[in-house]
Amino acid sequence: MTTDRYYVTTSIPYVNGAPHLGHALELVQADVLARHRRRRGRPVRFLTGTDGNALKNVVAAWAAGVPVQPFVDENAARFAALREPLVLSVDDVIRTSTDPRHAPGVRRLWERCAARGDFHRRRYTGLYCAGCELFYAPDELDDGVCPEHGVQPEEVSEENWFFRLSRYQDELLRLLESGTVRIEPAAKRAEVLAFVRAGLRDVSVSRPAARADGWGIPVPGDPSQVVYVWWDALANYVTALGYGDDGAAYRTGGSSPPTGCTSSARASCASTPSTGWRTCSRPGCRCRPRSSCTTTSPSAAPRSPRAPG
Ligand SMILES: [Zn+2]
């Protein structure tokens, strides 16, 4: 028995259509994990949600001849309605396009990365699959078509903000190799390690607002761009914990912050979510090592967000 909090999340699906059996499977699997940990006496927080800001949703709404907002709302409600028939023990559901916690958290994450010099803006030309919302390198295609959708990606040339992922290669490798960040099962860990060792490229993290029909979260300081949906959506795992809320950073469902780790100190370290506040070296930061946080109070902060099982 342990007082370690257990945070279990699902991926958050696009709401460009109705839920299908695959969504139900993932929700039930996550529910099994949550129930198991609760029965073992651990404080559990089980989060799921939907990704409302994807360009894919916009395209699907156009195809259906429906304005985007009601289209997204209706489909999101269908996902939320799975809770009853599947008897899910979820603690929290986040809808990225409407939840008041989300956009402030995404802006905060962006601003903190910007302050560290993590972004640069440049023109980019690439092969883009609208279905995946991804640029592909030619060698990633199957005979010239998207391996996921079987369609030929279109050549797109536009201005994007890029995240300097390459500068984090060594740090990521160290975290993975040392087991500070654990990936299970072993085969997936090996896959991720191989990917990082092969060299990380900087990634595009914004889209022209005009192409997205204004849908999405505007880039702080550059309203001509919206935050790319993968950046926006993945932030849900921390925005649902109150990352964007100055008054209650990383709140843990009403419990007070653990001794020796004030919410302001924790928030000031949140710019490095991969390491939490353990290795924060900002001048004047009052952060304590995580170990001291989790042992001084049973209401310790949640563990770092993790990908579903
Ligand atoms: Zn595709």
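Student: How are the donor residues of the zinc ion spaced in sequence?

Tutor: The spacing is C-x2-C-x13-C-x2-H. Within this pattern, cysteine 132 and cysteine 146 link distant parts of the chain: cysteine 132 is in the loop between strand E4 (119–129) and strand E5 (134–136), and cysteine 146, 14 residues apart from it, is in the loop between E5 and strand E6 (154–163). Helices (H or I, at least four residues) and strands (E, at least two) are DSSP runs numbered from the N terminus. The model is a predicted one, in which local features need pLDDT of at least 70 and side-chain atom pairs count only at pLDDT 80 or more, while totals for chains, interfaces and linings use all residues. Residues are numbered from 1 along each chain as its sequence is written, and side-chain values use heavy atoms, with hydrogens and water left out.

Student: Which atoms coordinate the zinc ion, and at what distances?

Tutor: The donors are SG of Cys129, SG of Cys132, SG of Cys146 and ND1 of His149, at 2.1 to 2.3 Å. A donor is an N, O or S atom within 2.8 Å of the metal (3.2 Å for Na, K and Ca); water is not among the atoms, so sites may look incomplete. The distances of 2.1 to 2.3 Å therefore meet the 2.8 Å limit.

Student: Why is the site of the zinc ion called tetrahedral?

Tutor: The angles among its four donor atoms are 97 to 118 degrees. Four donors count as tetrahedral if all angles lie between 85 and 135 degrees, whereas square planar (four donors) and octahedral (six) require opposite donors over 155 degrees apart and all others between 65 and 115, and anything else is irregular. The angles of 97 to 118 degrees lie between those tetrahedral limits, so the name applies.

Student: What makes cysteine 132 and cysteine 146 count as buried?

Tutor: Buried means under 20% relative accessible area, exposed means over 50%, and partly exposed is in between (1.4 Å probe, protein chains only). Cysteine 132 has 9% and is therefore buried; cysteine 146 has 1% and is therefore buried as well. Of the 309 residues of the protein chain, 45% count as buried.

Student: How do you know that the length of helix H4 agrees with its number of residues?

Tutor: The expected span is 1.5 Å times one less than the number of residues. Helix H4 (residues 102–115) has 14 residues, so its span should be 20 Å; its end C-alpha atoms are 20 Å apart, which agrees. Among the buried residues of H4 are Val106, Leu109 and Trp110. Just after H4, glycine 117 takes a positive phi of about 75 degrees.

Student: What is valine 227 in contact with, beyond its neighbours within four places in sequence?

Tutor: Contact means heavy atoms within 4.5 Å. On that basis valine 227 is in contact with residues including Val106, Trp110, Ile217 and Asp232. Valine 227 is found in strand E10 (residues 222–227), and because its relative accessibility is 5%, valine 227 counts as buried.

Student: What makes a set of residues a nonpolar core?

Tutor: The set must consist of buried Ala, Val, Leu, Ile, Met, Phe, Trp, Tyr and Cys residues joined through side-chain atoms within 4.5 Å. In soluble globular proteins, nonpolar side chains tend to be buried together. The largest such core here has 17 residues, and those with the most contacts inside it include Val15, Leu55, Val72 and Trp215. Helix H2 (55–64) and helix H3 (68–80) are the elements that give two or more residues to this core, and H3 gives the most, with five residues. A second, separate core of 15 residues includes Phe119, Ile217, Val227 and Trp231.

Student: Why is the pair of aspartate 31 and arginine 35 called a salt bridge?

Tutor: A salt bridge is a side-chain nitrogen of Lys or Arg within 4 Å of a carboxyl oxygen of Asp or Glu. The closest N and O atoms of aspartate 31 and arginine 35 are 2.8 Å apart, so the pair meets the 4 Å rule. Aspartate 31 and arginine 35 are four residues apart in helix H1 (residues 21–39), which means a separation of about one helical turn. Aspartate 31, at 6% relative accessibility, is buried, whereas arginine 35, at 36%, is partly exposed.

Student: Which parts of the chain does the salt bridge of arginine 38 and aspartate 91 link?

Tutor: This salt bridge, at 3.4 Å from N to O, links helix H1, which holds arginine 38, with the loop between H3 and strand E3 (92–95), which holds aspartate 91, 53 residues apart.
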